[in-house]
Amino acid sequence: MTNLTRRGLVKSGLGLLAACGLTSGVEAQRAKLLRFGLSAWPPNLQPWVSTGASAGTVKMLIHSRLIGYDRAGNLAGELAESFGHEADGAWVFRLVPNAVFHNGEPVTSADVRHTIEQIGGERSTAYMRAQFQSVSRIETPDARTIRIHTKEPVATLPTWFGNYNMPIVWRGSPANEPVGCGAYRLESQERGTSLDLVAFDRYFRAGLPRIERLRLVVYADENLRFAALKSGDMDMIEYVPWQSMSGVESDPRLRLDTQYGPFMDILFNGTKGPFADARIRRAVAHAVKREDIVQAAFFGRGRPLEGVPIVEGTPWWDAELSKGWRYDPAEAKRLLAAAGAPNGFQTVMLGTAQFGMHKDTAEVVQQHLAAIGIQCELRLPDWSTRVRLGTTGQYEIAIHGVSADNNDPDGLTVIMDTSLSPTHGRSFGVQAPRTIDLLARGRAEFDETKRVAIYKDMQRAALEEVPLVGLAWRAQGYGMDRRVTGFTNIPGALSTSSGFMLTETTIA
Amino acid sequence: MRRLHARLALPALLILSLVVIALAVPFLGLPNPVRQDIPNRLTGMAPGAPLGRDEFGRDVFSRLLWGARTSLFVAFTATTIAALAGTLLGMLGGWFRGVAEFLSVRIADVILCFPPILLALLVVTIMGPGVATLILMLSVLYTPGFVRVAYGEVLSTRNQDFVTAMTALGATTPRILALTVLPNIASPLLVQYSLTLGAAIVVESGLSFLGLGVVPPTPSWGLMIRGARATMEQAPLLLLWPCLALTVTILAFNLLCDALRDAFDPKSAASVGTRPRPRLVDRFAPGLFPTRADSGAILSVRGLTVEIGTRRGVIRPVDDVSFTVGAGETLAIVGESGSGKSVTVTSLMGLLPAAARPVAGEAVFEGHDLLRRSPDQLRALRGARLAMIPQDPMSSLNPVHKVGDQVVEAILAHRSIARPAARAEALALFRRVGIADPERRLDAWPHEMSGGMRQRVMIAMAIANRPALLIADEPTTALDVTMQAQILDLLADLRRETGSALIFITHSLGVVAEIADTVMVMYAGQVVEQGPVASVFAAPFHPYTAALLAAVPQDDAAPEPIPGAVPPPHRFPQGCRFAPRCGHAQPPCGEAQPLRHFGNGREVRCARAGDLRLGRAAHDA
Amino acid sequence: MAYLVGRIASSVVLAFAVATIVFLALHLVPGDPAELLLSTGGISPDPAAVAELRERLGLDRPLHVQYLGFLTGLLRGDLGRSLVDDYSVAAEIALRLPRTLELIAAGTIIALAVGVPAGTYAAVHAGGAFDRIMSGVMALLMAVPVFVLGTLLILLLAQTLKLMPAGGFVPFWRDPGQHLLLLSLPALVIGKGLVAIVFRMTRASVLDILPRDHVRTARAKGLAEGRVLRAHVVRNAFGPVLTVLGLHMGSLLGGTVLVEYVFNWPGLSTPLIRAVEGRDYPMVVGIVLTVSGLFLLINLVVDLLYAALDPRVRAG
């Protein structure tokens, strides 16, 4: 592995080192039980199919990925002891030596290859299917080495493996019983109610996990979930409702850990109606007072998002660009007039009443658009109708809420690349050629400095082409008892992947 | 009726004001209910926003009133559509039967199979939420109710005389339905309408609460509660107002529905708390009427007066009644319906309805005044020393218990013996009262027995504890003639065997001669004549007695019915109560008459007793 | 007997009609189970993956083929498998239904335990203070929507006073005490409307029975007043109460949705709502069929019970 880059080597095994540091010296004394309040019952636990963040949390605990993230949100090897790219653009991963599956079989490069082939297979329903279908060749020179060649060079390939829908599964697994190598085994489940996980004693990261047993209890109702934390029924909950965050903070027994990751945005139909005109879309972008959304929908637990959703503090973030769509009703009216609609027009805004934040955001946006003359009637069907109408382009303007795949700007591709096949989470048929082109260039560029420049250009292009309008970051919070230690909410879009941190968490 | 109107007034007034508010709300100059003021969100009461502002800074008071408009609009529209469609379908189904019946009623049945919320869920997912969907869904949901009501009412109306008459006169079907059937089924439909209105508001708010109803930002109570639930801790009052408005509105509709139902259905009105309040039985100073020891008398009643408080004032169905029953003797109390016979004996048993109470007199039974015994003491006597055979054996047995058990119950109520022993006694009693196949009949249900047989059961029950006094309240009226004779024979036999005294109430003098020693004739709550049977029958002193005798069918003369009827207690005449119906009335009869003694145990309440010659002979003359 | 057979036959036909309507209606609803499943959490799925999943779930077949498949399954007593996690619909129902029934049963017991004595007392002392107050309270109970009462109870008892857990479920075999504690609040809320109904019906019924001759007979026998009320009044008044209760039990089955939602009680309603939201067709149809079938069954049982309570009906 002489031709591994320096960067790859530096990155490797951070999580592992951290874990060793925590358990050094003393023979790990495991805590008995942690009770964790989930926000939804995982629809299923199929490893590679995306069925939401709650399922993702469970999957990250009972499986292991090739690559994970450290507490700061940097890529870190999980099953990969080290990784890096070669001059020709191929990525090489080297596995840890001691990993075994729950059935005792060692984790080998053949298992990784099997996983990739399954995901990229023709009949795959996996979330990362499209990405892995661009893999042209997989080499496994020995049991611990995997070399992956893609049709086009991909600078962000390791992030693919960091997705929570990317567990490495034993190649001999029966069809519906995937065997994983995670820190926990699924011991039992009370269908629809709770899951009991028990520590896997041959987990490859020494001294982990630090809690013998996790009981994950589903509290779908947010107020109830908070009440369960407050009353001590739960040691920790995910997705603290915004209105209850101050309640967690003010309780001396509890601790709140929030990050701004997911965000609300406006999507457009670019194939018909007034919003096909980029000037009208920009008018919308300048018309909405973001602070109102932060207050009304998120009880102040959010941040205005007046540009392309790039996480603040990352190299690609730019103070000026992040205000590119600042609230400016006069500018909005000017753009409307320039587009030939000085007095506005009537339209219907799509949203869903099933989720309060979508509904609340829609109500505020409706109010502000009315102020510049765009009169929206709200259409708020249930979520599944909303999805169907979105995918089939049966709307003119829509409210959406989403999280990028990761904090790399490439994670925005699924949200901003309107040339991809239509889905409910992207604008429908909006023309944004420069943005899309710059996203592709950034993906293929391995040089860090050049990538930063490309993505700043991408932001400039997007501010003009408006494939979406950012509205507000929303706080993603974990609430926990102060006796719970070792858990960190990972910044930005990775917040929903923080469930993995439970493998390093303990409770006094 | 006035109380009913009072009950209607409150909810009607509430609903009327709601409707007025809903109609007038655009003209009240309220702040725009959808205008947001986010910097001032969740602020409390302030000038310009009397109930504060919600999570978007909208005026809660304004939203509350506009919410009434939304709720009522949805409820009234949906209910009206359902009422029209359902009534039409139900009427067609009920009138034409056949295919129309199948279509309307079966479809209604299918809809009724869906739990309402589920149906709502399905319709909302198909159509998307919104006021139009809500109205459609609620209409579909409530149509079957109207179909059922209209269908049922039409079925029962279509065969009534006036409908048949119209059909015979050649009226067209729509005309008949519209002119005769519809007005007749209008009241149950109106009740259904008010019921449905309330229910529609509940479902509308529930669906809006779930986010499946009214689309924001339209003000709606359900949506307001949904919104306020999230801010429950910061601003609990926000939750309170719409909850209050919703609850009061639904309450008003429920009350309206109840009142309407009572107004249209007198049967249920009677049962819904319009009875006068029961009072504690007044206790009179003991010794006011000193006990006169009648030697040999088992029961001695003096000056018994019973009052009933009614809305028209206090009435006295029994007024100053006195009589004596010797041990082993039979007293017959005779009189037309309404003369106070039954009230007299029920007051002795302590079984008067709650509103009635004995206000004067005494009734000394075995040395104790029955009217002044405590309820517990009376209960210990009832069914033991003092037993009663009721008028109607059909209704006097509890239909949900086996007859044998009911007799056993009577035995066990007064004697602590083992159940099997009591059952053996019941068997003997059944045999004694002449019930064939007594072993099997012990386990029969009341409805499996004939009237005569049931009366035998009642008699068995009455004699179970060997009473000293048996009160038979027209025990044969409900039976056919052969049965009457058998039961009378049985009573006579039993009396001879057990030696118990008997009070026998009847409205016909025919049976009196067969069974009684003395007779007491009552009219309009008073004793008008009493004395030994033979003497009274031979020469009645009171015109009423004579009239009763004349009314008994004899082989040689046609019975002469007494003209007129006993006046109701609140219209008893001032003087002689029989005077208005009496052929012999003269001026002195306008005065109240005392009971006068005539020797040989005869007593008469008549101004002209003595100078009149009455009885069958007198009529013949 | 012929009556019973007829009743059962018509119930089966009705249930079948319901199943068909639900099946067809659901497929008309916009929304694609495959797309939805892969969109969980607002994620944008790869359309190729969606198409693949559709095919795998058999959703690409024409509607009449799917309907025939559903019917043949139904005839074999097979309700199919969930589109979301391939779990047997019948097993899911077998797991969830007892919890919903437990909730309803507990609510009914509360309603009877409170409603019958209170209704009887109010009737015996009709017009008295107790009667007036209770009638008012009951009218209020009828009028308070379930979700309002549930929310307020949680706020008061769980969050403010911390006397009760905020909701949830523990299997009885694991912790009987906790199980009953968790059951109490939702059962109370379920029971509140029923209490009012039972109270009103008992009161009206008792008022109707009290002046009847057989009650006088019972008193004339010298029975103690309590015995008269129990054996000769309440027992007779129970028939109408039971009928009305039965009618409402049916609608309770569907009406537990809000209560289970508010109290996080994992009964049949939660998967139903989730299945409708996620367009999990076999699950929705299976649950609706079960609920409607039970609804019909309850009505049948109420009729039979009514007969058992009133021997006259049994004979007729």
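Me: What is the strand order of the open sheet of eight strands in chain B, and what kind of pairing does the sheet have?

Reply: Please keep in mind throughout that this is a predicted model. As a general idea, strands of a sheet pair through backbone hydrogen bonds, either parallel or antiparallel. Here the open sheet of eight strands in chain B has the order 6-7-8-3-9-10-12-11, and its pairing is mixed. Strand 6 (386–389) and strand 11 (596–597) of chain B stand at the edges with a single partner strand each, so one side of each is left without a neighbour in the sheet.

Me: Which strands show the parallel part of that pairing, and over how many bridges do strand 3 and strand 8 of chain B pair?

Reply: Strand 3 of chain B pairs with strand 8 (residues 501–506) of chain B in the parallel sense over five bridges, and within this pair B:Leu331 has B:Ile503 of strand 8 as its bridge partner. Strand 3 of chain B also runs parallel to strand 9 of chain B, to which four bridges join it, with B:Ala332 opposite B:Val519 of strand 9.

Me: How many residues of helix 14 of chain B are buried, and what covers them?

Reply: Nine of the ten residues of helix 14 (residues 403–412) of chain B are buried, so this helix too is largely enclosed by the rest of the structure. Among the buried residues are B:Val403, B:Gln406, B:Glu409 and B:Leu412, and the cover over the buried residues of helix 14 includes helix 15 (419–432), helix 16 (438–441) and helix 17 (451–463) of chain B.

Me: Which other open sheet is there in chain B, and what is its strand order?

Reply: An open sheet of four strands in chain B has the order 2-1-4-5, with antiparallel pairing, and its edge strands are strand 2 (313–326) and strand 5 (368–369), each of which pairs on one side only. Within it, strand 1 (residues 297–310) and strand 4 (residues 356–365) of chain B pair in the antiparallel sense over eight bridges, and B:Ala363 of strand 4 is the bridge partner of B:Val301. Helix 11 (residues 341–349) of chain B lies across strand 1, strand 2 and strand 4, running at about 75° to strand 2 of chain B.

Me: At what angle do helix 15 and helix 16 of chain A pack, and how far apart are their axes?

Reply: Two packed helices are described by the angle between their axes and the distance between the axes. Helix 15 (residues 433–444) and helix 16 (residues 448–465) of chain A pack at an angle of about 165°, with their axes 8 Å apart. That angle makes helix 15 of chain A roughly antiparallel to helix 16 of chain A, and the crossing of the two is left-handed.

Me: How many residues of chain C are in contact with chain B, and how many with chain A?

Reply: Chain C has 57 residues in contact with 56 residues of chain B, and helix 10 of chain C gives the most to that side, with nine residues. By class, the side of chain C that touches chain B has 35 nonpolar, twelve polar and ten charged residues. Towards chain A, 41 residues of chain C are in contact with 45 residues of chain A; the largest share of this side of chain C, six residues, comes from helix 3 of chain C.

Technical notes: Residues are numbered from 1 along each chain as its sequence is written. Chains are lettered from A and ligands numbered from 1 in the order in which they are written. This is a predicted model: local features need pLDDT of at least 70, side-chain atom pairs count only at pLDDT 80 or more; totals for chains, interfaces and linings use all residues. Two residues are in contact if their C-beta atoms, placed from the backbone, lie within 7 Å. A residue is buried if 20 or more other C-beta atoms lie within 10 Å of its own, exposed if 12 or fewer, and partly exposed in between; C-beta atoms are placed from the backbone. Axes are lines fitted to C-alpha atoms, for helices over the stretch in contact, and angles run from 0 to 180 degrees between N-to-C directions. Angles under 35 degrees count as roughly parallel, over 145 as roughly antiparallel, 65 to 115 as roughly perpendicular and the rest as oblique. A crossing is left-handed if the near helix is turned anticlockwise from the far one by less than a right angle, and right-handed if clockwise. Two strands pair if DSSP finds at least two bridges between them. Ala, Val, Leu, Ile, Met, Phe, Trp, Tyr, Cys and Pro count as nonpolar, Asp, Glu, Lys and Arg as charged, and the others, Gly among them, as polar.
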